[in-house]
Amino acid sequence: MWPDLIQKAKDGGLDVIQTYVFWNGHEPTPGNYYFNDRYDLVKFVKLVQQAGLYLNLRIGPYVCAEWNFGGLPVWLKDVPGISFRTDNEPFKAAMQKFTEKIVNMMKQEQLFEPQGGPIILSQIENEMDPVEYEIGAPAKAYAQWAAKMAVGLDTGVPWIMCKQEDAPDPVINTCNAFYCENFKPNAPYKPKMWTEAWTAWFSAWGNPVAYRPAEDLAFSIVKFIQSGGSYANYYMYHGGTNFGRTAGGPFVTTSYDYDAPLDEYGLTNEPRYTHLKHMHKAIKQSETALVSADATVRSLGKNQEAHVYSSKWGCAAFLANYDVNYAVTVDFGNGRYDLPAWSISILPDCKTEFYNTAKVREEKFQLHECTGR
């Protein structure tokens, strides 16, 4: 299914595929590695490259992902004196060995961007802030060690840590949440990045299946971009299925559909898929203005405002209505614009509304009768 899923992601307007690396799948027993079939990581990365897309390799190696043991191999429990994700030498030794294994594989296959490959970002560890809050200094020391260790592997691409407020330079801390427009990296020279824009939530036995309106998901992404965001990744764009005994956590189901734009079976989830596709196109049409200027913010009403990116290279505007109940008409430039409640319009030329997050276009499909002999 990989080529089809990757192509649908590209057709949907994506530029980057983001993937975890599952330690428990790749090293089922100590020192015995497995990179075949569904675990053929090199093949997956090369397919992304062949499609003309980039890749963010989230090595972890702890990934959470509602996977059994958070993606850590169970055999780690038998390592003498081990304590997970803290300043513990046995764990750090095993974690570093696996991380180096993955990085070296990617280097050997010339897959990092400076080598001509598609990998433009790598992630080390995953959401350590809650662990630091619980454990304190030993967890903080481990996170600092992990960052330094990763940078020392000299991949030639930036390293990121999500939910890691104290990520040390040059590692970039990133956001995971339903909304990230107010997120600020821990240094002004680091880009504002969103590694997990949650499309809904995972499913658990006995709980209702979570859905998130396409309008709200689009609103959150556009609000992030208008506020200086540079990278937004969907979690999940394709949810899929956790086969066998990989599904972990309290009563987590094997279905990981996540109300994603590509559903559990790899089919487009409409109108979500197409609504986001139009949004991606509108943002890309605004690209020249977005990268050549900082936004100026002006009020358009009590709960309305405009974010305007204007320079000699172009002009793009985002007209926002933050009122959750009422639609409004606002004046901007020489025009008037209708803004539904809780919505943002994108004007790639500061004049023409190309897209509004709450105006979902219906796709017209025609069925043709086929006859033959």
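Which helix does Lys92 lie in? The points below answer this and then turn to the whole chain.

1. Lys92 lies in helix H4, which covers residues 89-108. Helices (H or I, at least four residues) and strands (E, at least two) are DSSP runs, numbered from the N terminus. The model is predicted: local features need pLDDT of at least 70, side-chain atom pairs count only at pLDDT 80 or more, and totals for chains, interfaces and linings use all residues. Residues are numbered from 1 along each chain as its sequence is written, and side-chain values use heavy atoms, with hydrogens and water left out.

2. Lys92 has a relative accessible area of 7% and is buried (under 20% relative accessible area; exposed is over 50%, partly exposed in between; 1.4 Å probe, protein chains only). Apart from neighbours within four places in sequence, Lys92 is in contact with Thr86, Asp87, Tyr142 and Trp145; contact means heavy atoms within 4.5 Å.

3. The side chains of Lys92 and Asp87 are joined by a polar contact of 2.8 Å. Such a contact is a pair of N or O atoms within 3.5 Å; within protein, one must be able to donate a hydrogen and the other to accept it, and residues adjacent in sequence count only if both atoms are side-chain atoms.

4. The protein chain has nine helices and 14 strands. Of its 373 residues, 53% count as buried.

5. Among contacts in the protein chain with a separation of 6 or more, 59% are between residues 24 or more positions apart. Along the principal axes, the C-alpha atoms fill a box of roughly 70 × 65 × 45 Å.
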